[in-house]
There are 2 protein chains.
Amino acid sequence: MLMEQPNWLKQRAQLTPNRLAVIQGNKRLTFLKLFTEAEKMAAQLKRLAIEKGDTIAILMTNRLEMVICIHACFFLGARVVLLNTRLSESERLYQIEHSEAKLMITEEPFDEQYKNAMTVEDLQKISPEPFFQTVDIHLDDTATIMYTSGTTGRPKGVMQTFSNHYFSAVSSALNLGLMEDDRWLVTLPLFHISGLSALFKSVIYGMTIVLHKRFEVKDVLRSIQADQVTIISVVQTTLTRLSAELSNCPEPLRCLLLGGGPAPSALLEECRKKQLPIVQTYGMTETCSQIATLAPQYSMTKLGSAGKPLFASNIRIERNGVPCTSGEHGEIIVKGPTVMKGYLKNETATRESLKGGWFKTGDLGYLDNDGFLYVLDRRSDLIISGGENIYPAEVEAVLQTYPFVIEAGVKGVDDNIWGKVPHAFLVISKAVDREELIQFCKDRLAAYKVPKAFHIVEKLPRNAANKLMRHKL
Amino acid sequence: MLMEQPNWLKQRAQLTPNRLAVIQGNKRLTFLKLFTEAEKMAAQLKRLAIEKGDTIAILMTNRLEMVICIHACFFLGARVVLLNTRLSESERLYQIEHSEAKLMITEEPFDEQYKNAMTVEDLQKISPEPFFQTVDIHLDDTATIMYTSGTTGRPKGVMQTFSNHYFSAVSSALNLGLMEDDRWLVTLPLFHISGLSALFKSVIYGMTIVLHKRFEVKDVLRSIQADQVTIISVVQTTLTRLSAELSNCPEPLRCLLLGGGPAPSALLEECRKKQLPIVQTYGMTETCSQIATLAPQYSMTKLGSAGKPLFASNIRIERNGVPCTSGEHGEIIVKGPTVMKGYLKNETATRESLKGGWFKTGDLGYLDNDGFLYVLDRRSDLIISGGENIYPAEVEAVLQTYPFVIEAGVKGVDDNIWGKVPHAFLVISKAVDREELIQFCKDRLAAYKVPKAFHIVEKLPRNAANKLMRHKL
């Protein structure tokens with residue numbers, strides 16, 4: 001098959017030049033303008049001797065210039081390493097060095113020690129190379145690299161190809177449909193796949209993205225109506241805050257795409273009552289965003305499920321290399337055109353996780369009789385207590401339904417008798433009675449799953465994607 | 001990139017088992033039922049020793065069984081040759097033999113001499129092989145073969161891969177959008193790419209197709225409302241007849257996809273007045289359906305244009321191997337993921353038409369300043385009659401084998417019903433019997449290819465190189 005395609009933004013600018021590509025606050029860029037800006041920046045990068053095959057690191061927050069910058073790199077045929085702004089400088093330095101980035105493009109106030117760093121403002125002052133030819137896309141080429149922390153050891157660089165991004169965007173459209181007036185609101189950072197995938201959808205669909213620097217519930221609610229948003233990506237915490245402000249679905253919103261781990265049933269039930277069109281998803285950096293989603297028509301009957309695989313992808317459950325039957329718990333293994341090429345310069349990790357196209361997610365779950373996926377937990381967080389498996393998410397979901405508990409986190413703590421026992425960390429709005437809470441849990445959980453200690457905290461440790469980091473509890 | 005995908009119908013049946021796949025009259029098949037039927041037929045074909053890599057010819061009219069049959073072949077990993085029911089038996093025999101089809105599946109009343117022919121009804125009586133495993137799809141594998149007549153010599157077998165079909169379906173959705181309630185009405189035969197492409201869209205989108213045996217304007221109008229049709233594929237002749245019966249766009253129709261050659265401006269203007277949402281397209285068997293379409297918002301300002309390339313495809317105009325500038329007329333050259341793999345067992349023709357991924361269509365046209373394609377003429381002398389392609393050279397070759405015919409020239413003449421019909425111009429050595437000549441043609445050619453008029457002339461107009469100038473006939 002033909003592996004070369006014209007650069008997507010370049011073609012999009014030819015097909016629908018006057019359609020809006022990005023809205024950020026009062027700023028608006030059409031696809032033609034975005035193309036022109038990205039082409040200019042590419043010609044500026046060319047002055048810095050950036051060539052096809054080079055790697056460029058980007059350390060920026062959600063803004064127009066970041067979108068331009070990413071496309072400019074693709075115009076040159078350069079790979080982009082997306083750096084998490086919340087990491088420490090030494091953590092970032094590792095990623096820059098490991099990926100052999102020739103340049104880091106950043107912004108104020110990131111005061112970086114890295115010698116080849118340049119702010120996007122300084123880059124824009126360079127006089128552009130006069131002769132510049134946009135490089136075609138090769139589907140098998142690595143487009144982006146994102147580092148994910150492993151359960152142990154150094155972070156791994158996930159290589160996402162253009163083909164991964166293409167199939168991710170297309171499979172999502174085949175699932176959610178594609179309307180001419182669709183607009184996607186992005187509050188999640190572009191340095192995470194949940195945010196970045198919207199950028200690819202934008203050029204492939206010819207769709208406007210509405211970019212927010214961060215999630216602010218008031219801004220989001222205003223933007224949905226002012227910018228005519230039809231789809232928004234959310235995670236559990238942002239959905240909780242949104243739902244608290246809503247009594248029904250605001251026009252013209254047609255989909256809240258919920259990612260970032262299993263959501264508590266109580267929250268889903270609340271959304272159902274308010275008729276918020278929640279589409280639960282399951283995905284990760286290595287699958288270039290969603291690989292399974294729950295169609296809205298099943299939101300009631302399959303409450304809590306992450307649904308079925310996207311078109312052209314496959315999901316199975318395995319335990320010790322043996323396929324599980326329906327209902328049996330095991331590791332979630334996935335295959336499909338959105339599964340990464342591998343981990344950058346890490347053949348051991350690639351070989352261990354990718355076999356015959358099947359990717360071992362490390363997550364635990366099961367498929368029900370109808371083939372619906374239920375994600376139980378991240379394998380790393382599994383608590384084994386006296387030989388019994390405890391999935392923290394399950395315990396947290398129960399705790400979160402208790403009055404005055406806003407958020408709950410559960411981790412395993414060493415225990416002389418049981419190996420590990422679960423401890424709970426709670427954010428509360430009003431004092432809770434310990435004995436009553438224990439009884440509440442006992443009524444809903446096997447005894448061994450009931451936390452042996454409760455710690456009241458001000459907030460829970462979450463990463464940039466708002467995912468609970470249980471090991472930091 | 002990952003080239004294997006689960007069989008599309010199998011996966012579709014897992015994803016949306018209860019959604020309707022096909023409606024034909026009062027008959028309705030869900031995706032699950034279609035899957036079950038196709039799996040059964042595949043197991044029946046297995047009994048006939050059909051294996052992965054074999055070729056099966058299908059000679060049927062639009063009906064549920066034909067859809068089942070095509071999918072059954074894919075389940076086995078067999079390639080499908082789609083035979084035009086309007087061809088003469090000798091024309092079909094050539095295609096069966098050239099493609100080395102192991103079996104021809106047909107239906108009454110096609111009384112075929114071919115020894116390995118079997119009606120679908122007889123096939124369905126075979127007891128199915130008990131152990132049957134659906135073969136995965138490999139994107140580079142040839143899925144279907146359709147023969148197109150060349151300008152000279154024997155028809156060529158166009159090899160359409162799964163990848164071609166995937167990108168064709170997806171690029172169309174990226175262009176037309178994809179609604180949950182979309183239903184596509186197919187009156188064009190499934191043995192043409194315009195019809196067959198809807199079958200692939202059905203499984204890839206999870207969309208219902210409404211199948212008609214032929215175009216009957218009353219049936220189509222009834223079906224649009226009764227079956228809630230949103231999209232219909234038309235050619236000039238069927239659009240003319242539809243438009244005559246309509247004063248405005250019937251609910252819930254949102255798109256009339258117009259293919260099969262340039263339409264007269266008067267017809268497009270009439271449709272515009274009636275607010276019929278016409279989407280003009282340009283495509284051919286070798287590009288696996290549409291490769292360019294005119295977005296509805298340009299239907300007025302770019303009247304008569306076939307629009308811009310679909311996403312990931314490219315169009316350029318060339319004359320004598322040199323790219324033309326805007327407005328300059330030349331040959332239309334296309335590149336993209338929907339362009340065929342090549343002509344079956346015909347390396348010469350493949351090499352001549354496909355260079356570096358660019359396919360020389362043989363059609364004439366130009367691109368305007370905004371990049372919109374205008375198709376001037378199809379393959380110099382191609383006659384499009386009621387959506388069917390007629391190559392003058394093929395008809396001339398038959399006429400020239402008739403006794404006393406020294407030379408023959410064929411050209412298209414305007415016709416109110418069919419758009420164009422073929423007329424013959426003959427140089428003869430002795431009087432010929434008109435009825436006998438017609439019968440002679442009918443035995444060797446599809447009825448629509450038989451000239452509607454015969455003109456006896458003294459000599460044919462030829463240029464200095466002795467090449468027939470058909471436009472001067």
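Student: What makes β10(B) and strand β21 (residues 342-343) of chain B a pair?

Tutor: Two strands pair if DSSP finds at least two bridges between them. β10(B) and β21(B) have two bridges, in the antiparallel sense, so they meet that rule. M159(B), for one, stands opposite G342(B) in β21(B). Strands are DSSP runs (E, at least two residues) and helices are runs of H or I (at least four), numbered from the N terminus. This is a predicted model: local features need pLDDT of at least 70, side-chain atom pairs count only at pLDDT 80 or more, and totals for chains, interfaces and linings use all residues. Residues are numbered from 1 along each chain as its sequence is written, chains are lettered from A and ligands numbered from 1 in the order in which they are written, and side-chain values use heavy atoms, with hydrogens and water left out.

Student: How do you know that strand β9 (residues 142-148) of chain B pairs with β10(B)?

Tutor: Six bridges join them, and they run antiparallel. One position to look at is T142(B), which stands opposite T161(B) in β10(B).

Student: Why is β10(B) called mostly covered?

Tutor: Buried means under 20% relative accessible area, exposed over 50%, and partly exposed in between (1.4 Å probe, protein chains only). Six of the six residues of β10(B), 156-161, are buried. Both faces are covered: K156(B), V158(B) and Q160(B) lie on one side, with G157(B), M159(B) and T161(B) on the other.

Student: What makes β3 (27-30) and β17 of chain B edge strands?

Tutor: Take the sheet order: β3-β2-β12-β11-β13-β14-β15-β16-β17 (chain B), nine strands in an open sheet with mixed pairing. β3(B) and β17(B) each have a single partner strand, so one side of each lacks a neighbour in the sheet. Strand β2 (residues 20-24) of chain B pairs with β3(B) in the antiparallel sense over four bridges. There, I23(B) has R28(B) as its bridge partner.

Student: Why is S99(A) called buried?

Tutor: The relative accessible area of S99(A) is 3%, so the label is buried. S99(A) sits in the loop between α4 (89-98) and β6 (103-106) of chain A. Contact means heavy atoms within 4.5 Å. Leaving aside neighbours within four places in sequence, S99(A) is in contact with T55(A), V81(A), Y147(A) and L344(A).

Student: Why is strand β16 (residues 289-293) of chain A called largely enclosed?

Tutor: Five of its five residues are buried, so the rest of the structure largely encloses β16(A). Four bridges join β16(A) to strand β15 (residues 278-284) of chain A, antiparallel. The two form a hairpin with four residues between them.
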